[in-house]
Amino acid sequence: MSVPVPTKPHEETFIEEMKRYLHFGENDAILLKRLLPRMEKYLPEMAERFYAQIPHHPGASRVFTGGEAQVLRLKSTLQAWGQGLFNGVYDEHYAEDRFQIGFRHVRITLDQKYVISAMGVVRSFLLEKLFDEFPARDERLAYSQALSKVLDLDLNLMCDSYFRATMAHLQTLNQELEQASLQLAEANAIKDDFLAQVSHDLRTPLNSILSFTKLVLDGLCISPEEEKEVLRDVFSSGQLLLRLVNDLLDISSIEAGKLALQIEELDPRVVLDSTLPLVAVQAASRNLRLVDETLEQQLPLVRGDEIRFRQVLLNLLSNAVKFTPSGGITIRAITDYSQGFLRIEIEDTGIGIPAEKRDTAFEKFVRHDRAELRGITGSGLGLAIAKRLVEMMHGNIGLEAGANGNGSLAWFTVPLAPPSHLSETHRA
Amino acid sequence: MNHTASKGRKQRIIIIEDNNLVAKFFQMALERAGGYSCLVSEDVPAILREVGAGEVDLVLLDVSLTNAEWDGHRVNGVELCRILKEKSPRRLPVLLATAHAMSGDRERLLESSGADGYLEKPIYDSAQLIAQVRKLMA
């Protein structure tokens, strides 16, 4: 025993479905087409009545921002819509026109209830005019039925278009939300790694401070000399901790966009002269040669933040000293007038850095592989900070192999001061 | 004191730790407060020679190592622990030290390494360190 399946037209479109539901037939189309010449003259007034409602709409000021010109344009659009009502063609194209209205409205966040109430105004106005046009009862009935049906059809089309547009809008919002939540999760993972790394790095020197202090307190050192040696370890761990905290504060204020640079015209000679003596002490204690080739050069004025320029220079120089067991460090300056920058180079005869590690060296907490081997410790933030500072001063930074592939060559650039000033200095 | 072997020699501990300050603390604490004899090293073949000769009583082993190599590969503490256990002619207690103080890490590391105990860094009290070492050597 088979149950008859109710047949529904195959892939019936929404407008077909609505027409069937409203018993909107060919006859109604003919009647409406016949109405057009009689009703056309009322369309401008219909538009007036429709937009007279606008001031009462709570969102009007937000939606109708184009002033009188926009309202005029909308009125003529509405008249065209009215023409369509009586055109006698109610096909897919007709439905598409009505759907577009809903999409536009959703885009400008015009409420559906406003359209429904406006359609009510239109309906009572048009029916009132129809009754004026057709005093005979039978005629009036047939026409008003056809008009009511087409207005119902439009209302349904528009409500459906609102629904579809809202769904599409929600889908877009959902995708945006999903994307944002993915980005958030990614940022969170990076933050977590950072935090784990930071807490490990803070704990290591802190741990040494505590353990060596306890050794001394417990009286476990065998001589005053050994006690001194242990205290030196405590002191250097404290220094490392301080450097790490300073670097962390720097990098977090850079990343939060809170580090304000004071970019001004400055003489690189002054920065070099005040920085090199600091490194010279470190270099001398390790028997390293420190050669300043810039001494014989006339250096042009540059634009940068003096404190940060010095910090970058000091970072790169300290790194060079750290990773050079023997030999020396050379400081060089190259002025590129055509590109408008000064390039500072720091070349060492140290252990070098493999080509594949040169780019990642500027990332946070990427340390030199062989650093631990030599008992070299640092915050792992020095190069990351230097890169960000150089970029904030509109320069570039990089690492290369040193001469003959030995050691490494660190360089950075700073923009030259405007040429007008340059020539003034030369004249002076 | 029971930490000195009956034949009179000091009990020997090998410290495998890549941070020189941490290693220095372990060594001083174990030697001065515990009376042990210590060797700090990351040289795996040399360590295995001592272990193979049965001259090592305990290994204090860091999980993350920088320079330990075996068979041409870099090895971490977990892998090195298994090698040590395999090459030792007698029971060799291994105390695994790590700073990864996260829940679940302990069981996972003990199981995968076959170590006998777990030392959670930071440890900065010599008495605490020696208590752990004694427990494993008993």
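pLDDT is the predictor's confidence in each residue, on a scale from 0 to 100, and I begin there since what I am showing you this morning is a predicted model. In chain B the mean pLDDT is 86, with 90% of the residues reaching 70 or more. For the complex, the predictor gives an ipTM of 0.82 and a pTM of 0.59.

Two remarks on conventions before we look at details. Residues are numbered from 1 along each chain as its sequence is written, while chains are lettered from A, and ligands numbered from 1, in the order in which they are written. Local features need a pLDDT of at least 70 and side-chain atom pairs count only at pLDDT 80 or more, whereas totals for chains, interfaces and linings use all residues, and side-chain values use heavy atoms, with hydrogens and water left out.

Let me stay with chain B. Where is confidence lowest in chain B, and where is it highest? The lowest mean, 82, belongs to helix α4 (residues 105-113) of chain B, and the highest, 96, to strand β1 (residues 12-16) of chain B; helices (H or I, at least four residues) and strands (E, at least two) are DSSP runs, numbered from the N terminus. Over residues 1-6 of chain B the pLDDT stays under 50, and for this stretch the model has ten contacts beyond four places in sequence, a contact meaning heavy atoms within 4.5 Å. Where pLDDT is low, the predicted coordinates should not be read in detail.

Now to strand β6 (residues 94-98) of chain B, where five of the five residues are buried, so the strand is largely enclosed by the rest of the structure. Buried here means under 20% relative accessible area, exposed means over 50%, and partly exposed lies in between, with a 1.4 Å probe and protein chains only. In a regular strand the side chains alternate between the two faces of the sheet. In β6(B), B:Val94, B:Leu96 and B:Thr98 point one way and B:Leu95 and B:Ala97 the other, and all are buried.

Which strands are joined to β6(B)? Strand β3 (residues 58-62) of chain B runs parallel to β6(B) and is joined to it by four bridges, and B:Asp62 stands opposite B:Ala97. Strand β7 (residues 117-120) of chain B is likewise parallel to β6(B), again through four bridges, with B:Leu95 opposite B:Gly117. Two strands are taken to pair if DSSP finds at least two bridges between them.

Let me turn to charged pairs. Side chains of opposite charge can pair when their charged atoms come close. A salt bridge is counted when a side-chain nitrogen of Lys or Arg is within 4 Å of a carboxyl oxygen of Asp or Glu, and the whole structure, over all chains, has 29 of them.

In chain A, the side chains of A:Arg38 and A:Glu133 meet in a salt bridge at 2.8 Å, N to O. This pair links distant parts of the chain, with A:Arg38 in helix α2 (residues 26-39) of chain A and A:Glu133 in helix α7 (residues 112-133) of chain A, 95 residues apart. A:Arg38 counts as partly exposed, at 32% relative accessibility, whereas A:Glu133 is buried, with a relative accessible area of 16%. A:Glu133 also forms a salt bridge with A:Lys41, the closest N and O atoms being 3.1 Å apart. A:Lys41 lies in the loop between α2 and α3 (43-52) of chain A and A:Glu133 in helix α7 of chain A, so this pair ties together parts that are 92 residues apart in sequence.

A:Arg20 and A:Glu12 form a further salt bridge, with closest N and O atoms 2.9 Å apart; A:Arg20 is partly exposed at 46% relative accessible area, and A:Glu12 is buried at 14%. There is also a network of salt bridges linking A:Glu293, A:Arg332, A:Arg343, A:Glu345, A:Glu347 and A:Glu400.

Finally, two backbone details deserve a look in the model. A:His394 has a positive phi of about 65° although it is not a glycine; A:His394 lies in the loop between α12 (382-392) and β6 (397-401) of chain A, and at 65% relative accessibility it counts as exposed. In chain B, the phi of B:Asp71 is near 60°, a positive value in a residue other than glycine. B:Asp71 is in the loop between β4 (69-70) and β5 (73-74) of chain B, and is exposed, at 68% relative accessibility.
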